[in-house]
Amino acid sequence: MTDGVSRSLRGRLKRLGRAAPAVLLAAAAVALYASGLATDISLGNLRANEIGLRAEILATPLLALLVFTGLYAIATAAFVPVGLVLMLAGGFLFGPLTGTMATIVGSTLGAVMAYLAARFAAGEAIRDRLAAGRLGKLMAGFEQSPFAYLLTLRLLPLSPFGLVNVAAGVARAPVRKYVAATAVGAVPYSLIYSYLGAGLGKAVLAGRAAELTVLARPEVALPLAALAVISLITGRMGARARRAA
């Protein structure tokens, strides 16, 4: 009798332990929305608070960079859709290169947290059920060629970033290949949006944010052109992948 109770208790504790990372991410999402931070992250607020934000960065640059990277990671892991604004904000506030590095690190850390939460939470029963449903094709791709498949998904402009993280975790894609493909796949868009954010920042400082001619400025026009090119290339990659499937 005692042995049966003990095994039951251990089983419950094990299930709670497996679910703990997912519960923590859900709590982080609730906290971001409850505090108003999730809705406060916008381009309008970024411009309105630019002077104060730049003063904080000048006073404590390393701490500011760590806070920004941590916020990006938590928002990514918790499915809070502010990644685009944060990529622009990184270039706007820290400059294009530093902003790029911060967003790559933040997005990769966030993706890894979501991946681990899904991997720990999904037992065999859940994994089999999802494999038979909408996530079946994604999971099959991770099992066949995890790095190439994930890299293709990361580069597709409309690929659901959070759903891919969960599918990779449930499919138990190899951790090293997952991290490598996520980091490499984050480079193009992080670089383009950080340069675009930096270009818009220069326009704001020059007092030209309200002018349409700002789009013709090289620091804005070139990232937009690069974004159009990479969207076209990755769109064709996605079409080929769908035809092959």
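## Basis of the report

Because the model is predicted, local features need pLDDT of at least 70 and side-chain atom pairs count only at pLDDT 80 or more, while totals for chains, interfaces and linings use all residues. Residues are numbered from 1 along each chain as its sequence is written, and side-chain values use heavy atoms, with hydrogens and water left out.

## Nonpolar cores

In soluble globular proteins, nonpolar side chains tend to be buried together. A nonpolar core here is a set of buried Ala, Val, Leu, Ile, Met, Phe, Trp, Tyr and Cys residues joined through side-chain atoms within 4.5 Å. Buried means under 20% relative accessible area, exposed means over 50%, and partly exposed is in between (1.4 Å probe, protein chains only).

The largest nonpolar core has 26 residues, and the members that touch the most others are Phe 68, Val 80, Val 82, Leu 86, Leu 93, Phe 94 and Tyr 193. At least two residues of this core come from each of α1 (2-34), α5 (61-77), α6 (83-94) and α12 (175-205). Helix α6 gives the largest share, eight residues. Helices (H or I, at least four residues) and strands (E, at least two) are DSSP runs, numbered from the N terminus. Beyond its neighbours within four places in sequence, Val 80 is in contact with Ala 29, Leu 32, Tyr 33, Ala 38 and Ala 75; contact means heavy atoms within 4.5 Å. Another core, of 21 residues, lies apart and includes Ala 118, Phe 142, Leu 150 and Ala 168.

## Aromatic rings

Rings of Phe, Tyr and Trp (its six-membered ring) pair if their centres lie within 6.5 Å; planes under 30 degrees apart count as stacked, over 60 as edge-to-face and the rest as tilted. The count is three aromatic pairs. In one of them, the ring centres of Phe 68 and Phe 94 are 5.4 Å apart and the planes are at 55 degrees, so this pair is tilted. Phe 68 is in helix α5 and Phe 94 in helix α6, so the pair ties together parts 26 residues apart in sequence.

Phe 68 is buried because its relative accessibility is 8%. Phe 94 is also buried, at 17%. Together with Tyr 72, Phe 68 and Phe 94 form one aromatic cluster.

## Salt bridge

The whole structure has one salt bridge, defined as a side-chain nitrogen of Lys or Arg within 4 Å of a carboxyl oxygen of Asp or Glu. It joins Glu 50 and Arg 54, whose closest N and O atoms are 2.8 Å apart. Both residues lie in helix α4 (residues 50-59), four residues apart, or about one turn of the helix. Glu 50 is buried, at 8% relative accessible area, whereas Arg 54 is partly exposed, at 23%.

## Surface patch

Ile 74, Val 105, Leu 109 and Met 113 make up a nonpolar patch on the surface, with about 310 Å² of accessible area together. Such a patch takes residues with over 30% relative accessible area and no salt bridge, and joins nonpolar side chains (Val, Leu, Ile, Met, Phe, Trp, Tyr) within 5 Å, while like charges are joined within 9 Å. Areas come from the Shrake-Rupley method with a 1.4 Å probe, and for residues only the protein chains shown count as cover.

Helix α7 (residues 96-121) supplies the largest share of the patch, three residues. Ile 74 is in helix α5 and is partly exposed, at 40% relative accessibility.

## Positive phi in two loops

Most residues other than glycine have a negative phi. Phe 79 has a positive phi, near 65 degrees, and is in the loop between α5 and α6. Arg 172 has a positive phi of about 55 degrees and is in the loop between α11 (161-171) and α12. Phe 79 is partly exposed, at 48% relative accessible area, and Arg 172 is partly exposed, at 32%.
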